[in-house]
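Here is a short briefing to read alongside the model on your screen.

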Amino acid sequence: MNMLFLSDALLCVSLGIGLGICGGMLGIGGGLIAIPVLGMLFGMNQHIAQGTALIMITPNVLIGFLRYRQRNRIDTRMTLILCGFATVSSYLAAHVASLIPVDNLQKAFAVFLLVLAVYYIGQWFKSRHHHRAATALLSPRYLPVLGVASGFMSGIFTVGGGLVVVPALVTLFGFTQTQAQGIALALVVPGALAALASYAQAGNVDWATGLPLALGGILSVSWGVALAHRLPVSFLRLAFCLVLLGVALTMLWK
């Protein structure tokens, strides 16, 4: 029994290392990939997989944000304001998510990812043919609205907030790709904590699996951030597209 527990723990740590690298590189904390993997490897339903992934997501995104902040100009005050709005909406949305039937939540998650994948593919093609400097289309006073949207998506899908924030900050508010990824990670921190509390209250968290995953992510997320600053922006966007498509198709197939 002890050997079996040890092998499961090592598997989770190893998995966490891989997810930490991917999460740091793409600015998503690794939870996007963790959710379907937890379902396939450990037989978790959508609710428990999302709740367990939050254990790993929370430290990953905090460390990732600090690493991105070391390499990019990120307004701390603005980020904290966004975090405040995201926290409230995330906690409320997580309660709503716990009431949604598992199959419906899984299908909604997959469709959400497919829509984002199509958007990112379009952005990737544009970046290959039009090399223009980032320009702001909206005033910064609209950023709190983005914080609310980020928190809502984080509460419903646990990883949705960062996926919404990155393209919005780049295309609507004129941030660079790496700046947007760093801010997105910061926004996920309070939302992930609030959502984790809500999922834990509902009994939808497997701590024995989530803690080793978190340990692996803590060890490796900084490597992923370093990769993000060495790779071309077009490659990061393409990689993001492929991850979104792969996870969405896996969720629909399952």
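Predicted model: local features only at pLDDT ≥ 70, side-chain atom pairs only at ≥ 80, totals over all residues.

Residues are numbered from 1 along each chain as its sequence is written, and side-chain values use heavy atoms, with hydrogens and water left out.

**Overall fold**
- The protein has 10 helices and zero strands, where helices (H or I, at least four residues) and strands (E, at least two) are DSSP runs numbered from the N terminus.
- Of its 254 residues, 54% count as buried (buried means under 20% relative accessible area, exposed over 50%, and partly exposed in between, with a 1.4 Å probe and protein chains only).
- Taking contacts between residues at least 6 apart in sequence, 85% join residues at least 24 apart; contact means heavy atoms within 4.5 Å.
- The accessible surface is about 11400 Å², and carbon and sulfur atoms hold 70% of that (Shrake-Rupley method, 1.4 Å probe; for residues, only the protein chains shown count as cover).

**Helix 3 with helix 9**
- Helix 3 (residues 46-71) packs against helix 9 (residues 207-228) at an angle of about 20°, with the axes 8 Å apart; axes are lines fitted to C-alpha atoms, for helices over the stretch in contact, and angles run from 0 to 180 degrees between N-to-C directions.
- That angle makes helix 3 roughly parallel to helix 9 (under 35 degrees is roughly parallel, over 145 roughly antiparallel, 65 to 115 roughly perpendicular, and the rest oblique).
- By class, this contact has 14 nonpolar, seven polar and two charged residues (Ala, Val, Leu, Ile, Met, Phe, Trp, Tyr, Cys and Pro count as nonpolar, Asp, Glu, Lys and Arg as charged, and the others, Gly among them, as polar).

**Helix 2 with helix 3**
- The axes of helix 2 (residues 31-42) and helix 3 come within 9 Å and cross at roughly 140°, which makes helix 2 oblique to helix 3.

**Two residues of helix 4**
- Gly-84 lies in helix 4 (residues 76-97) and is partly exposed, at 37% relative accessible area.
- The C-alpha atoms of Gly-84 and Leu-187 are 8.7 Å apart, although 103 residues separate them along the chain.
- Leu-92, also in helix 4, counts as exposed at 53% relative accessibility.
- Between the C-alpha atoms of Leu-92 and Ala-194, 102 residues apart along the chain, the separation is 8.8 Å.
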